[in-house]
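Biologist: Hi! Could you walk me through this one while we both have it open?

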Amino acid sequence: MTQIIVGENEGIESALRRFKREVSKAGILPDLKKNRHFETPLEKNKRKAQAVARSKRYKRRMRT
């Protein structure tokens with residue numbers, strides 16, 4: 001859990017900026033987006049197959 005301590009004379013904008021920086025450093029947002037909704041096994045296999053195809057296409061392009 002990400003937590004920041006707001007100073008007595010610190011503005012809300014700077015505290016929010018520090019909080020966003022800590023959240024991005026902790027890698028919370030990508031994990032949140034990944035777990036946003038349930039993914040069926042069919043959707044998961046389709047996503048993985050697309051990733052494999054993308055990497056094969058990239059490797060083939062870089063080889064020539």
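Modeller: Happy to! A quick definition before we start: helices here are DSSP runs of H or I with at least four residues, numbered from the N terminus. Also keep in mind that this is a predicted model.

Biologist: Great, let's begin near the start of the chain. Where is Thr2 found?

Modeller: Thr2 sits in the segment before α1, and that helix covers 12-26.

Biologist: Is Thr2 buried or exposed?

Modeller: Thr2 is buried, because its relative accessible area is 18% and the cut-off for buried is under 20%.

Biologist: Which residues is Thr2 in contact with, leaving aside its neighbours within four places in sequence?

Modeller: Thr2 is in contact with Phe19, Glu22, Val23, Ala26 and Ile28.

Biologist: How far apart are the C-alpha atoms of Thr2 and Ala26?

Modeller: Their C-alpha atoms are separated by 7.6 Å, while along the chain Thr2 and Ala26 are 24 residues apart.

Biologist: Which residues make the nonpolar surface patch?

Modeller: Ile28 forms it together with Leu29 and Leu32, and the patch comes to about 250 Å².

Biologist: Changing topic: how many salt bridges does the structure hold?

Modeller: There are 3 salt bridges. As background, side chains of opposite charge can pair when their charged atoms come close.

Biologist: Let's go through them. What does Arg18 form a salt bridge with?

Modeller: Its partner is Glu10, and the closest N and O atoms are 3.0 Å apart. Arg18 is partly exposed at 27% relative accessibility, and Glu10 is partly exposed too, at 25%.

Biologist: Next, which side chain meets Lys25 in a salt bridge?

Modeller: That would be Glu22, with an N to O distance of 3.8 Å. Glu22 also turned up among the contacts of Thr2.

Biologist: How many residues apart are Lys25 and Glu22 in helix α1?

Modeller: They are 3 residues apart in that helix, so about one helical turn separates Lys25 and Glu22. Lys25 counts as exposed, at 63% relative accessibility, whereas Glu22 is partly exposed, at 33%.

Biologist: And what is the distance for Arg47 and Glu39, between the closest N and O atoms?

Modeller: In that salt bridge the closest N and O atoms of Arg47 and Glu39 are 2.9 Å apart. Arg47 is partly exposed, with a relative accessibility of 42%. Glu39 is partly exposed as well, at 24%.

Biologist: Nice. Now the surface again: which residues gather in a patch of positive charge?

Modeller: The patch brings together Arg54, Lys56, Arg57, Lys59, Arg60 and Arg63.

Biologist: Let's pick one of those. Where does Lys56 lie?

Modeller: Lys56 is part of helix α3, made of residues 41-63.

Biologist: Why does Lys56 count as exposed?

Modeller: Because its relative accessibility is 53%, and exposed means over 50%.

Conventions. Residues numbered from 1 in each chain as written. Predicted model: local features only at pLDDT ≥ 70, side-chain atom pairs only at ≥ 80, totals over all residues. Heavy atoms only, no water. Patch = residues over 30% accessible without salt bridge, like charges linked within 9 Å, V, L, I, M, F, W, Y side chains within 5 Å. Areas by Shrake-Rupley, 256 points an atom, 1.4 Å probe, with all protein chains shown as cover. Salt bridge = Lys/Arg side-chain N within 4 Å of Asp/Glu carboxyl O. Lys, Arg positive; Asp, Glu negative; His and termini not counted. Charge placed at Lys NZ, Arg CZ, Asp CG, Glu CD. Helix = DSSP H or I, 4+ residues; strand = E, 2+ residues; numbered from the N terminus. Buried < 20%, exposed > 50% of the residue type's maximum accessible area, 1.4 Å probe, protein only. Contact = heavy atoms within 4.5 Å.
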